[in-house]
Amino acid sequence: MQKTYKTPWAGGRQSQGMSTSTSMSASTETSQATPVTGPVRFDTKIAVLLRDDLEPWQRLNVTAFLVSGLGTELPEVIGEPYEDANGTPYLPMFRQPVLIFEGSKEQLTTAHARALSRVLPRSVFTSDLFSTGNDRDNRAAVRAVPTGELDLVGIAVYGPRNAVDKVVKGARMHP
């Protein structure tokens with residue numbers, strides 16, 4: 001059975017910061033903060049599917065590159081900026097968990113076709129990108145290969161939970 005990631009409910013907007021502890025919400029009737037508990041359920045999902053034959057450093061590198069495009073193209077996936085108790089600001093991050101899966105080369109090809117057929121926002125990382133050293137060459141490497149012939153080592157997908165689940169169907173959670 002596949003595990004799911006649940007976070008405490010923060011009320012209202014889903015773009016509020018996540019934590020594993022009870023969050024505090026200011027009441028509109030009183031200036032005191034009141035604890036809000038319960039699971040956060042997102043209507044959307046961010047999933048990364050990695051080829052199962054990648055080296056550990058490649059898995060991390062591919063994941064970082066794949067998810068970097070989501071926040072720039074889809075601002076709704078980004079939460080609010082962070083701040084520590086001293087007021088030091090930090091950049092905002094995704095508002096929801098990123099689920100990482102692994103699968104065979106064939107599973108990636110199938111998942112890619114499913115993402116395309118559902119017209120879901122997606123990013124790709126091909127094996128050719130391991131030999132390039134910059135964004136311009138990365139784009140040229142992908143552009144040089146027809147869609148059905150891409151040697152995919154990873155894809156990231158964002159969309160409604162059920163649609164993303166169908167895209168990664170058959171893949172297993174990354175260990």
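By class, how many nonpolar, polar and charged residues does the lining of the largest pocket have? In this predicted model, where local features need pLDDT of at least 70, side-chain atom pairs count only at pLDDT 80 or more, and totals for chains, interfaces and linings use all residues, the lining of the largest pocket comprises 6 nonpolar, 4 polar and 2 charged residues. Residues are numbered from 1 along each chain as its sequence is written, and side-chain values use heavy atoms, with hydrogens and water left out. For the classes, Ala, Val, Leu, Ile, Met, Phe, Trp, Tyr, Cys and Pro count as nonpolar, Asp, Glu, Lys and Arg as charged, and the others, Gly among them, as polar.

The largest pocket has a volume of about 340 Å³, and its lining is made up of Phe65, Leu66, Ser68, Gly69, Ser123, Val124, Phe125, Leu129, Asp135, Asn138, Arg139 and Val142. The elements that give two or more residues to this lining are H1, strand E9 (122-126) and helix H3 (135-143). A pocket is here an open set of points on a 1 Å grid over the protein atoms alone, where a 1.4 Å probe fits, with protein on both sides within 12 Å along at least five of seven lines, and lining residues have an atom within 4 Å of a point. Grid points are joined across faces, edges and corners, and the volume is the space filled by probe spheres set on the points.

The protein has 4 helices and 11 strands, taken as DSSP runs (helices H or I, at least four residues; strands E, at least two) and numbered from the N terminus. Buried residues, defined by a relative accessible area under 20% with a 1.4 Å probe and protein chains only, make up 34% of the 175 residues. Among contacts (heavy atoms within 4.5 Å) between residues at least 6 apart in sequence, 72% join residues at least 24 apart.

An open sheet is formed by 5 strands in the order E9-E10-E5-E8-E11, with mixed pairing, two strands being paired if DSSP finds at least two bridges between them. The edge strands are E9 and strand E11 (172-173), each of which pairs on one side only. E9 and E10 pair in the antiparallel sense over 5 bridges, and the partners in E10 are Val157 for Arg122 and Leu152 for Thr126. E5 is mostly covered, with 8 of its 8 residues buried. In a regular strand the side chains alternate between the two faces of the sheet. For E5 both faces are covered, with Thr44, Ile46, Val48 and Leu50 on one side and Lys45, Ala47, Leu49 and Arg51 on the other.

A nonpolar core is a set of buried Ala, Val, Leu, Ile, Met, Phe, Trp, Tyr and Cys residues joined through side-chain atoms within 4.5 Å. The largest such core has 17 residues, and those with the most contacts inside it are Leu49, Phe101, Leu120, Ile155, Val157 and Val167. The elements that give two or more residues to this core are strand E5 (44-51), strand E8 (98-103), helix H2 (105-117), strand E10 (152-160) and helix H4 (161-167). Apart from this core lies another, of 16 residues, among them Val48, Val67, Leu70 and Val153. When residues up to four places away in sequence are not counted, Leu120 touches Ala115, Val157, Tyr158, Gly159, Pro160, Ala163, Val164 and Val167.

Val67 lies in helix H1 (residues 56-73) and counts as buried because its relative accessibility is 15%. Not counting residues up to four places away in sequence, Val67 touches Val48, Phe94 and Val98, and its C-alpha atom is separated by 8.6 Å from that of Ile46, 21 residues apart along the chain. Thr63 also lies in helix H1 and, at 17% relative accessibility, counts as buried. With the sequence exclusion of up to four places applied, Thr63 touches Val48, Leu50 and Ile100.

Definitions and conventions
Buried means under 20% relative accessible area, exposed over 50%, partly exposed in between (1.4 Å probe, protein chains only).
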